[in-house]
Amino acid sequence: MKKNLVIVESPTKAKTIKKFLGKNYEVIASEGHVRDLPRSTMGIDIENDFEPHYITIRGKGDIVSTLKKAVKRSDFVYLATDPDREGEAISYHLAVLLKLEEGKYKRITFNEISKNAVKASLAEARDVDQNLVDAQQARRVLDRLVGYNISPVLWEKLGKRGLSAGRVQSVVLRLLTEREREIDAFIPQEYWTIDVELTVPAQKKPVLFRYTGDIPNEEETRRILELTKSGSYTAKEIKQTRRTKKAPLPFTTSTLQQAAGRINFSTQKTMRVAQQLYEGVDIKGKGNTGLITYLRTDSTRVSEAADQAAREYIEKNFGAEFVTEEVEKADKGKKIQDAHEAIRPVDLSITPASIKDKVSNEQYKLYKLIFERFVASRMKPAVYDIYSVTVENSGCTFRASSSTLSFAGYQNVYTTEEDKEKTADRLDGIAEGDVLPAGRATEKQHFTEPPARYTEALLVRTMEENGIGRPSTYAPTIGTLLNRRYVVKEQKNLYVTELGEAVNNIMEKAFPEIVDVEFTANMESLLDHIDDGSVKWKVVVRNFYPDLEQEVRHASETLGKIRIADEKSGEICENCGAEMVIKYGAYGKFLACPNFPECRNTKPYYEKIGVSCPLCGNELVRRLSKKGRTFYGCLNYPECEFTSWARPVEKKCPECGKYMVQKGKKLVCSDAACGYQETLKTEADE
């Protein structure tokens with residue numbers, strides 16, 4: 001019998017695929033890339049038309065040796081790496097490195113790891129797509145040219161090695177920095193609101209009606225209150241309308257990362273867990289099972305078979321009246337690659353509830369999100385009945401509205417915060433001309449809010465909207481900015497550090513095109529055209545490099561050195577008495593004496609959270625576990641053994657007196673038996 005070798009990237013994927021193939025198929029993982037540009041040098045021969053010089057990745061020798069032996073004992077090789085540019089490039093490099101003979105290997109791809117998909121891919125085996133390889137190669141070469149030319153300029157001017165610039169990361173850093181500037185420059189504007197309690201026939205308690213005009217100050221507020229104090233409130237306009245909310249589209253990479261942010265998944269965590277669900281999860285009784293389709297996509301398209309399966313599932317579980325006739329289409333003006341389907345479940349018979357106890361909690365949460373979103377996308381819209389009543393008093397108008405869900409539609413399966421309508425008391429039963437008895441009028445001063453800081457989810461959406469990067473680069477780009485300490489994350493919000501601001505200032509001044517949003521988006525579009533062969537990759541590089549080279553030379557000659565002051569800590573060096581400074585090392589922050597090298601004192605840095613230890617009264621600090629998870633402990637540790645996974649607060653529980661912790665938007669008693677909780681007050685509530 002003919003012996004076949006199938007090469008995939010990961011051992012998990014190999015294990016899942018092996019189930020579907022007979023004993024004549026051997027499945028081995030390359031464990032990612034096997035060849036790449038060298039790390040120690042540029043690796044691109046600029047004089048020889050930008051020819052890249054690839055080498056075997058260090059540490060991959062044993063894997064390559066194993067693969068070569070497997071090739072020798074096989075009659076035919078199938079390259080089954082991921083179905084995207086990166087996967088195509090890995091297949092290409094495998095073919096070169098393993099010296100696969102023409103006619104003795106083929107490329108196979110599948111959007112989902114299921115028996116039918118894998119079998120179908122064998123029947124549709126093809127040659128390696130050189131256009132896709134070139135598209136990946138162009139990105140890799142451009143990224144290397146940008147990084148290896150600009151990074152040394154940053155090292156020299158900022159006096160810190162290890163800094164980096166990137167074709168995508170630098171423009172994203174600029175977006176973050178510009179938002180910081182907007183927030184810093186924001187001047188709050190005062191405004192007021194007036195709410196009056198009116199008695200509505202159908203309601204036992206008063207309903208709040210709000211003044212409809214703009215109220216810029218307290219003086220105008222007093223004028224309106226005085227004007228309406230003795231008058232009557234007469235119903236002038238009553239509107240009853242019906243509004244529909246369309247079902248959401250199935251997930252793309254971007255929208256999945258945004259939605260997962262609502263369940264406290266970072267972009268990197270989302271992609272890591274989604275990769276596990278795609279490659280296969282070990283489910284008792286089923287073995288390794290691929291649960292979702294390929295996770296890197298910007299398309300909302302689904303196969304006819306998957307669409308039909310969803311409709312049958314909805315009809316069976318909710319009724320035929322919930323099945324939509326027409327599915328919403330993605331924005332037609334948007335550039336979609338459409339190489340893959342949307343992210344969806346492979347098999348709708350595998351419900352989240354059926355595997356909850358068989359997978360990790362992270363896997364369950366993300367699979368549930370994907371499953372429910374896909375089912376919802378094939379359901380009818382939600383329908384709301386809207387009542388709006390406008391009343392008038394002495395020429396001043398006030399309005400109240402109510403929203404009642406009359407048909408749940410897709411919301412039987414999938415809801416977001418935006419779907420949860422703020423439903424007021426019903427306003428039916430009021431007729432035009434009715435006089436509504438008035439109760440208390442309440443005025444309140446407000447100030448406009450600055451632009452919201454970027455979260456990872458909002459940043460991904462902004463990158464997608466501006467055409468910066470592609471589905472495969474969103475999470476790695478944000479990860480690089482965090483790892484380089486250009487950006488830090490606190491309570492989901494992203495803040496640009498002093499180092500990040502300094503790097504961005506140099507990039508804006510010396511390399512304006514690299515950090516220009518429109519230029520980056522146009523470059524991405526140009527790179528996309530390499531996919532279909534309409535543009536040659538070296539043409540793109542040839543046109544790009546001369547300007548970069550000129551800007552690097554000019555920056556090296558004209559920019560002066562920039563010193564970033566170390567952050568003061570308030571801690572005194574016990575050896576020499578100087579105030580210690582906060583520095584960043586391989587494992588995060590630490591304290592160092594500024595008198596180095598005369599004084600070499602260093603010690604761990606712990607971020608104080610402004611809360612006293614419930615056991616000994618000392619200060620609590622933020623610590624990291626051995627696995628990198630944040631917890632809170634006493635500064636006196638190990639003498640005091642207090643620890644908490646949740647962030648403690650100074651306030652004590654009013655029921656039992658024990659310390660409380662912050663969990664999301666709630667303050668919760670640390671004693672589960674007590675169970676007391678309250679909503680956390682924010683500045684907006686004051």
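A: This is a predicted model. A search of the whole structure finds 13 aromatic pairs.

Q: How are the rings of Phe50 and Tyr545 arranged?

A: A pair of aromatic rings is described by the distance of the centres and the angle of the planes. For Phe50 and Tyr545 the centres lie 5.5 Å apart and the planes meet at 70°, so the pair is edge-to-face; the cut-off for that class is over 60 degrees.

Q: Where in the chain do Phe50 and Tyr545 lie?

A: Phe50 is in the loop between strand S4 (44–45) and strand S5 (51–52), while Tyr545 belongs to helix H17 (residues 537–558).

Q: What is the geometry of the pair Tyr233 and Phe398?

A: The ring centres of Tyr233 and Phe398 are 5.5 Å apart and their planes are at 75°, so this pair is edge-to-face. It also joins distant parts of the chain: Tyr233 is in strand S11 (residues 233–245) and Phe398 in strand S15 (residues 396–407), 165 residues apart. Tyr233 and Phe398 are each buried.

Q: Which residues form an aromatic cluster?

A: Tyr25, Phe76 and Tyr78 form one such cluster.

Q: Which rings have a charge over them?

A: Among them is Tyr384, where the charged end of Arg243 sits over the ring, 5.7 Å from its centre. Another is Phe265: Lys269 lies over its face, at 4.4 Å from the ring centre.

Q: How do helices H10 and H12 pack?

A: Two packed helices are described by the angle between their axes and the distance between the axes. Here H10 (residues 304–317) and H12 (residues 361–376) pack at about 90°, and their axes are 9 Å apart. That angle makes H10 roughly perpendicular to H12.

Q: Which residues make the contact between H10 and H12?

A: H10 contributes Ala306, Ala310, Tyr313 and Ile314, and H12 contributes Phe371, Phe374 and Val375. By class, the contact has seven nonpolar residues, no polar and no charged ones.

Q: Is Cys396 buried or exposed?

A: Cys396, in strand S15, has a relative accessibility of 4%, so it counts as buried; the cut-off is under 20%.

Q: What does Cys396 touch?

A: Leaving aside residues up to four places away in sequence, Cys396 touches Tyr211, Ile224, Leu227, Thr228 and Val391. Cys396 and Thr212 are 8.2 Å apart from C-alpha to C-alpha, although 184 residues apart in sequence.

Methods: Residues are numbered from 1 along each chain as its sequence is written. This is a predicted model: local features need pLDDT of at least 70, side-chain atom pairs count only at pLDDT 80 or more; totals for chains, interfaces and linings use all residues. Side-chain values use heavy atoms; hydrogens and water are left out. Axes are lines fitted to C-alpha atoms, for helices over the stretch in contact, and angles run from 0 to 180 degrees between N-to-C directions. Helices (H or I, at least four residues) and strands (E, at least two) are DSSP runs, numbered from the N terminus. Angles under 35 degrees count as roughly parallel, over 145 as roughly antiparallel, 65 to 115 as roughly perpendicular and the rest as oblique. Contact means heavy atoms within 4.5 Å. Ala, Val, Leu, Ile, Met, Phe, Trp, Tyr, Cys and Pro count as nonpolar, Asp, Glu, Lys and Arg as charged, and the others, Gly among them, as polar. Rings of Phe, Tyr and Trp (its six-membered ring) pair if their centres lie within 6.5 Å; planes under 30 degrees apart count as stacked, over 60 as edge-to-face and the rest as tilted. Buried means under 20% relative accessible area, exposed over 50%, partly exposed in between (1.4 Å probe, protein chains only). A charge sits over a ring if NZ of Lys or CZ of Arg is within 6 Å of the ring centre and within 35 degrees of the ring normal.
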